[in-house]
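I opened the model today to look up a few packing details. These are my notes.

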Amino acid sequence: MNKTHLVLLLVLTFIYSCNNEKKNVVKDETSKPNVLFIAVDDLNNWITPIDGFSNAKTPNFDRLAAMGVTFSNAHVQAPLCGPSRASVMSGLRPSTTGIYGMTPDNKIRRAGNPATKDITFLPEYFEENGYHTMGIGKLFHIHAPDSVFKESGGRVKGFGPYPEKRFVWDGFGKGIKGTHGRTSTDWGAFPENDTLMPDHQSVDWVVERLNRDYNKPFFMGLGFLRVHVPLYVPQKWFDMHPLESIETPPYLADDLNDIPPVGLQINDLPMMPSTEWAKESGEWKKIVQAYLACMSYVDYELGRVLDALEQSKYGDNTVVVLWSDHGYRLGEKGTFAKHALWETATKAPLMFVGPNLPKGKKIEAPVEMLSIYPTLLELSGLPGYERNEGNSLVAMMQNDEGLETARAITTFGMNNHAIKVNGFRYIQYEDGTEEFYDHSTDPNEWINEANNPKFNNKIESLKTLLPKTNVKWDSESNYTFQPYFVEQKKRVNEL
């Protein structure tokens, strides 16, 4: 072979190898898993894969659980929609951002907030890494900041549809107009059929897009409005939960006698039904029935999504995460609301499904919703985002790593924190007052053991886990629904 032939052979070999390399890159890109991101508003742990309370009927949550991993002890970073969702989507704690209350979607990231001014939201990170992003429904507090999704289905305003007149609760209760907000809380069978529900229309949108072809992997967000109040769904969902079969959750009338003043202020929600009122009026079981009916309705819509996913070409290569922005109290500790640092307000479902995850596994160690962002990145084979304050749960799901040291922190307003570790909950309020519960003997958190010398060492060790950064309220973040938070923001921001 002469030199000319040798040079030609080397050039052809180089070109072939470059082409092959390009083909491999494209193959790697298209083999990345899709992501289906499902947020359910105000969903507590009563679903059948976790608690199965009062004969809950949620077969599609069971179906999803069988497909992957269920965290039965997951906790939100704030027991309130706005800051909880901002935390999940930004990957930052409320104590880092000062987003303790409701913040307009377009004001979460802005020049005036040092922590968020250049943050990359979760869907944007996927877009930057080659994904087509889509979203519909309640994902951030309202829907999403402008341009976060390449394709947006928007969100129907409010939590309707609404009847001409409320059924039971006027929304004010014993609250003072102008001081306390008006709640959407009410319950009853409405409207006539599922197709009139905004969530049904959102699922239609998702199903249609799961039948499309894409030239890149996709990130699709679906935000359900139910089970947020008002607890309205068609009659057939109520019929699944006969009133005579309804259980009510554990309740102790003098439960709040050992709660510090700040805890009582946060829990002062006169616009909500009280448990004593619900007992005396005979409405308690009806409220629980309505909540269970809403859960069963959301379960049905979830089933429609899972059917569409399984029947699509994407069923074997899609990571699914389902989560809720906080729990919901249905009479526990005296009221019907989230708005607290106790177990029933901070705990919510978290479920992952993916090609490399175990099936039908349940993990009882405490984890944080803050972990959703880094977990999805790792499951999708994307580089980690250095700004994330949460930790990926992949090693825990695959290999049980970190179960013994797992913990979760929830923040409600500036310097009010709860820490959940295996078997214990510690709460510290802004004035240093405390609550401590031993769940091995007191799962309902009825006995505050903060002053019991037996737990001194445990309390001191938990204090070391409190957030070291506690910034003032972001100027665009507000919670005017409850006087304590209005006063706190004014007081701490004027210092």
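I started with helix 3 (residues 81-90), which is mostly covered, with 10 of its 10 residues buried. Buried means under 20% relative accessible area, exposed over 50%, partly exposed in between (1.4 Å probe, protein chains only). Helices (H or I, at least four residues) and strands (E, at least two) are DSSP runs, numbered from the N terminus.

This is a predicted model: local features need pLDDT of at least 70, side-chain atom pairs count only at pLDDT 80 or more, and totals for chains, interfaces and linings use all residues. Residues are numbered from 1 along each chain as its sequence is written, and side-chain values use heavy atoms, with hydrogens and water left out.

I listed the buried residues of helix 3; among them are Cys81, Arg85 and Met89. What do they pack against? I found strand 1 (34-40), helix 4 (94-97), helix 5 (122-128), strand 8 (318-324) and helix 12 (372-379). Contact here means heavy atoms within 4.5 Å. Just after helix 3, I noted a positive phi of about 80° at Gly91.

Next I checked strand 1, where seven of seven residues are buried. Asn34, Leu36, Ile38 and Val40 point one way, and Val35, Phe37 and Ala39 the other. In a regular strand the side chains alternate between the two faces of the sheet.

Then I looked at pairing (at least two DSSP bridges between two strands). Strand 1 runs parallel to strand 8, with seven bridges, and Ala39 stands opposite Trp323 there. Strand 1 also runs parallel to strand 6 (residues 218-224), with six bridges. Ile38 stands opposite Leu222 in strand 6.
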